[in-house]
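Hello,

Please find the structure you asked about below. My notes on it follow.

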Amino acid sequence: MAGGGRRSIRLATHDYTTGAYFVTLSARERRCLFGEIADDDMQVSPLGEIADVMWKAIPSHFPWVDLDAFVVMPNHVHGISILHQRDRRAFN
């Protein structure tokens, strides 16, 4: 593979600029940076709080993105983002 990158699993004929996407972001080496489970309850760490704040800030930076469910886990976060059509001329 040229450049040592990953092979794309994207469908070449699909338009990925709109739609709902399930997103998972994992901590490096799956370290429990975002918190821990104690007594069957997620105890969010300061980094987990930052992840939550940054997720919620996405629409203020990208107004064509809406957010749905989001959860912070000890070593990863899950979220659903919805991308809407945007005026591409604003970014040229």
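His76 comes out as buried, because its relative accessibility is 17% and the cut-off for buried is under 20%. Please keep in mind that this is a predicted model.

His76 lies in strand S5. Its side chain makes a polar contact of 2.6 Å with the side chain of Asn75. Leaving aside residues up to four places away in sequence, His76 touches Thr24, Leu25, Ser26, Phe34 and Val71.

What does strand S5 pair with? Its partner is strand S4, and the pairing is antiparallel. S4 covers residues 65-72 and S5 covers residues 76-83, with 6 bridges between the two strands. Together S4 and S5 make a hairpin, and 3 residues separate them. Within this pairing, Asp66 is placed opposite Ile82 of S5.

The other residue I looked at is Asp41, which belongs to strand S3, residues 41-44. Is Asp41 buried or partly exposed? Asp41 has a relative accessibility of 43%, so it counts as partly exposed; that class runs between the 20% limit for buried and the 50% limit for exposed. The side chain of Asp41 is joined to the side chain of Gln43 by a polar contact of 3.0 Å.

Regards

Definitions and conventions: Residues numbered from 1 in each chain as written. Predicted model: local features only at pLDDT ≥ 70, side-chain atom pairs only at ≥ 80, totals over all residues. Heavy atoms only, no water. Helix = DSSP H or I, 4+ residues; strand = E, 2+ residues; numbered from the N terminus. Buried < 20%, exposed > 50% of the residue type's maximum accessible area, 1.4 Å probe, protein only. Polar contact = N/O pair within 3.5 Å; in protein donor to acceptor, adjacent residues only side chain to side chain. Pairing = 2+ DSSP bridges. Contact = heavy atoms within 4.5 Å.
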